[in-house]
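Thanks for coming. I will keep this short and take the structure piece by piece. Please have a look at it before I start.

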Amino acid sequence: MAKKKPSKTKRAKRRTAPAKAAKKKAVQKNKKRKASVKGSASRRSAAKKSKRAAVKSKAPKVGRSKPRQASQSASRPASPRPAGATAPRYYITTAISYPNGAPHIGHAYEAIATDAIARFMRLDGYDTYFLTGTDEHGIKMLQTANREGVTPRDLVARNVPRFQAMVERLNCSNDDFIRTTDERHVRSSQAIWQRMAKNGDIYLSKYSGWYSVRDEAYYDEAETRVAENGVRLGPQGTPVEWVEEESYFFKLSAYQDKLLALYKNVPDFVLPKERLNEVASFVKRGLQDLSISRTTFDWGIPVPGKADVGKAKHIMYVWVDALTNYITAVGFPDTNDPKFKRYWPADLHVIGKDIVRFHAVYWPAFLMSAGVAVPRRIFSHGFLFNRGEKMSKSLGNVVDPFGLADAYGVDQLRYFLLREIPFGQDGHYSHEAIVNRINADLANDLGNLAQRSLSMIGKQRGGVLPQPGAFSDNDRAILAAADAMIGKARDAMKTQQLHQVLNAVWAVVADANRYFAGEAPWALAKTDPQRQGTVLYVTAEAIRQVAILAQPFVPTAAAKLLDLLAIPVGARSFAALGAAHRIAPQTALPAPAAVFPRYIEPEVAAT
RNA sequence: GGCGGGGUAGCUCAGUUGGUUAGAGCAGCGGAAUCAUAAUCCGGAGGUCGGGGGUUCAAAUCCCUCCCCCGCUACCA
């Protein structure tokens, strides 16, 4: 996922190093079907690396960056929105992406996962509001623009559309795409600032430390050393000088107890759980006040009011500006806005593990100071690592979201990322792993099952779904397994275990294949047509439920499959699952067509 | 350095209030079937459960210790 901006506190530590690399491990292979029943999941520890990366300390804002994506798209195939005034509401967000470059797979992963959750909740009857967007201010943006000889505004105008296009390409169903350069966000940020100031939590002081012009970073004195010639050098070997800059500070230190109380009262405020433990221990050690403005550059939101102290013109530094996007989108500062009243506090902020602290510490503290409710949950996902270089060999640019989508298909990419990686843990992707999932789970297991059963109905049943006879024990068993999916899915979704949802659904696909092979309807065609009809009916019903539950993950293909089963668009929500809504017999079905094509290695041309 | 998590089949993992022959998926091997997207089904094989001690009638599961990996954090220079 992504990370965001760095933080800094007065002297901050430097850390610049980006993440490291990946671990090792090998690849996996697999082909055939997979699907196991129990699930496995384990999310346990997510390993990860990243830590450094995040903070930096440079002078002014600096960039955040990374993850998330956004955009609102209009496409969103299946996934009707129930909404309705009486429906429970669900507000979910991704972190906003830092568009100082092109979107990468980390942004795509976060967008896809968040979209799957949003679609799931919608299908389950929640009036869901899904937000994503871009975090456009900061010194990194300014530096990138300068390097390229354009203005920050030009840079943003050029890059943001790519993020919007990515979200659309990935078939994300976001309801809004916020940009921190939106006028609404400027007002919102200034409003929350004033609320915090009014509460007595903002004061003017000095942000100082050993600053390296070359590194554009502040260092702790301990990180510096004096060279033989008397020049003090930073860890990178560059000269540093003592700099004091006027800055506004937020009294984060005053929120230690309140934050600890929050973590204690809401044990699942941060998931996976290990992350909350880390955050809590960090807070317990004591919090320093936070520098929240800068005067050395101006690409940011101006600090409101009498902010211009002396000659210095302050702009907000990163976090206040960035985090506030979540309330801006629902109408803040107008707390009477219908959207604000309905959707805030957010139910879930999906973010990268590198920015957990900012969301679990700063954000709730800002909100408490401003007198606004805190979000209900922060879910931190892991990082993705490309295992091996095989991917780029014959596929060229596959590491970028658009390239991956072109090479494998959007549904296939979504399925792979959400099924292969326990949500919350780091994951690896490789061409082999993706192809295995596509062919084994999608093409062989589900696609082939649908194809063989539906084509049988087409060829031997005149395209009409048979009227079933009395159900046998085997019939009842597979139907019961299908009926039980939604319960398992909801259970897994309570803690965003997306891979477990898919695990439960595909376990039924495996059951259905065993059932189909065991009943051998192709043989029954000659010996017992009535019984064959029952088997085909039961199989179609199982596929129907699988397809409905697969919609959040593979929206386009699932919709296509439901079309093949002639399921009305209005009967595709989770409310249609279970024994009370069996597929209607004697319905004319359209001619079957492949829903999940098998991935065939492109001809290597080659020499 | 402190705290926390983890080292189980080729790969990804599940399994710990201790107890029959340690499980799944994928890969691999063999067989069946032939409706289907060279897909499906079945079966065997495959593991000193990181190493070493210990407790116990019995330990992957408990205790001690060592090695390695990862995360948060601290500090040393």
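First, the ground rules. This is a predicted model, in which local features need pLDDT of at least 70 and side-chain atom pairs count only at pLDDT 80 or more, while totals for chains, interfaces and linings use all residues. Residues are numbered from 1 along each chain as its sequence is written, chains are lettered from A and ligands numbered from 1 in the order in which they are written, and side-chain values use heavy atoms, with hydrogens and water left out.

Helices (H or I, at least four residues) and strands (E, at least two) are DSSP runs, numbered from the N terminus.

Let us begin with helix H14, residues 431–460, and helix H16, residues 498–519. Their axes are 10 Å apart, and the two helices pack at an angle of about 45 degrees. Axes here are lines fitted to C-alpha atoms, for helices over the stretch in contact, and angles run from 0 to 180 degrees between N-to-C directions. That angle makes H14 oblique to H16. For the terms, under 35 degrees counts as roughly parallel, over 145 as roughly antiparallel, 65 to 115 as roughly perpendicular, and the rest as oblique. The crossing of H14 and H16 is left-handed, a word used if the near helix is turned anticlockwise from the far one by less than a right angle, with right-handed used if clockwise.

Which residues make the contact? On H14 they include Leu-442, Leu-446 and Arg-452, and on H16 they include Trp-506 and Phe-516. Contact means heavy atoms within 4.5 Å. By class, the contact of H14 with H16 has 8 nonpolar, 2 polar and 3 charged residues. Nonpolar covers Ala, Val, Leu, Ile, Met, Phe, Trp, Tyr, Cys and Pro; charged covers Asp, Glu, Lys and Arg; the others, Gly among them, are polar.

H14 also meets helix H18, residues 529–550, where the axes come within 10 Å and cross at roughly 140 degrees. H14 and H18 are therefore oblique to each other, and this crossing is left-handed. Among the residues in contact are Ala-450 and Ile-457 of H14, and Leu-536 and Ile-543 of H18. The contact of H14 with H18 has 8 nonpolar, 4 polar and no charged residues.

Is H18 enclosed by the rest of the structure or open? Of its 22 residues, 20 are buried, so H18 is largely enclosed by the rest of the structure. Buried means under 20% relative accessible area, exposed over 50%, and partly exposed in between (1.4 Å probe, protein chains only).

Now the backbone. Most residues other than glycine have a negative phi, and most peptide bonds are trans. A cis peptide bond joins Phe-332 and Pro-333, with omega about 10 degrees. Pro-333 lies in the loop between helix H8 (325–328) and helix H9 (338–343). Another cis peptide bond joins Trp-344 and Pro-345, with omega about 5 degrees. Pro-345 is in the loop between H9 and strand E13 (348–352).

As for phi, Asn-171 has a positive value near 65 degrees. This residue is in the loop between helix H3 (152–169) and strand E3 (176–179), and Asn-171 is buried, at 6% relative accessible area. Gln-496 has a positive phi near 55 degrees. Gln-496 lies between helix H15 (473–493) and H16, in the loop, and is buried at 3%.

That is the end of my part.
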